[in-house]
Amino acid sequence: MNARALRRLPLNTAAATVFVLAVFPVYWMVSTAFKPTPDIQAETPVLLPASLTLEHFARAVEADGFWLFWRNSLIVTAGCVLLALVVALGAAFAVARMRWRGRRAFVLMVFIAQVAPWEALLIPMYVIARDADLLDRLGTLTLIYFMITLPFTVVTLRSFLAAVPAELEEAAQVDGCTRAEAFRRVTLPLLAPGLLATSLFGFITAWNEFAFANMLIIKNQDDRTLPVWLSSFSNVFGTDWGATMAASTLFALPVLVLFLVLQGRVAAGMTGGAVKG
């Protein structure tokens with residue numbers, strides 16, 4: 001082993017350790033979903049099951065409310081992402097392309113909102129929703145998730161939009177396009193990687209959120225989302241860990257598939273948005 005490899009050994013060891021710690025819970029969830037019940041209930045943990053089964057996935061899919069809550073999560077997530085993109089795109093354009101009084105203060109407030117712990121707003125949000133008669137509604141969850149993801153979306157799109165030369169829009173305007181047409185035909189296609197990157201972040205945030213959904217959906221249980229439903233996945237004998245892990249695996253699958261499909265464009269969007277701030 002040469003000197004360079006020896007110098008890199010501690011860093012590689014640390015990276016491998018972090019990788020194992022991050023991946024092992026996911027492996028345990030997926031492997032438990034496929035393990036037979038005796039292996040799950042064995043006194044000694046079974047790392048590599050000798051046989052696999054799909055019975056837990058069948059129970060999870062056939063459980064009461066699975067597809068209803070899947071639909072609820074999809075509606076809330078899609079609504080949140082679309083709202084955040086539309087509003088953030090206009091705000092990012094105003095900040096990156098225009099000069100107006102209070103612009104820097106606005107950007108500072110967006111940054112503060114981005115780093116603020118949204119969990120601290122659980123009680124105020126609940127009180128507002130209760131007083132405004134907005135509890136037990138998917139629309140309320142959509143608006144809250146929209147507010148949570150909006151600051152990050154504005155910051156990311158602003159950085160990415162600033163990296164696109166304004167001269168491209170000016171050239172289009174010289175050729176006869178209006179400002180709106182120049183943005184739609186020239187700049188918007190170049191923003192596709194950034195839009196995909198921010199959409200993925202908003203999707204993951206809204207899809208996985210538990211605290212607000214658990215607090216704001218109280219009486220109308222049919223408006224629960226999948227994370228809340230998973231927390232109560234049990235039967236008369238206690239928690240059905242096999243079915244719970246199977247349902248959790250199915251719950252994580254859309255995010256994984258979306259990330260794998262958009263991986264290249266997401267990486268381009270995140271690096272492109274970091275070029276110029």
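Predicted model: local features only at pLDDT ≥ 70, side-chain atom pairs only at ≥ 80, totals over all residues.
Student: Where does α7 bend, and by how many degrees?

Tutor: The bend falls at Thr149 and amounts to about 35 degrees, with a proline, Pro151, following within four residues.

Student: Is α7 mostly covered or mostly exposed, and how is that judged for one residue such as Ile144?

Tutor: A residue counts as buried under 20% relative accessible area. By that criterion 22 of the 25 residues of α7 are buried. Ile144, which belongs to α7, counts as buried because its relative accessibility is 4%.

Student: Which residues does Ile144 touch, leaving aside those up to four places away in sequence?

Tutor: Ile144 touches Met125, Phe212 and Leu216. As for Gly79, which is 65 residues from Ile144 along the chain, the two C-alpha atoms are separated by 11 Å.

Student: Which residues form the nonpolar patch on the surface?

Tutor: The patch consists of Phe19, Val20, Val23, Phe24, Tyr27, Leu47 and Leu48, which together have about 690 Å² of accessible area. One of its members, Phe24, is located in helix α1, residues 3-34, and Phe24 is partly exposed, because its relative accessible area of 39% falls between the limits of 20% for buried and 50% for exposed. In general, an α-helix has 3.6 residues a turn, so residues three or four places apart point the same way.

Notes
Residues numbered from 1 in each chain as written. Heavy atoms only, no water. Bend = angle between axes of the 7 residues up to and from the residue. Helix = DSSP H or I, 4+ residues; strand = E, 2+ residues; numbered from the N terminus. Buried < 20%, exposed > 50% of the residue type's maximum accessible area, 1.4 Å probe, protein only. Patch = residues over 30% accessible without salt bridge, like charges linked within 9 Å, V, L, I, M, F, W, Y side chains within 5 Å. Areas by Shrake-Rupley, 256 points an atom, 1.4 Å probe, with all protein chains shown as cover. Salt bridge = Lys/Arg side-chain N within 4 Å of Asp/Glu carboxyl O. Contact = heavy atoms within 4.5 Å.
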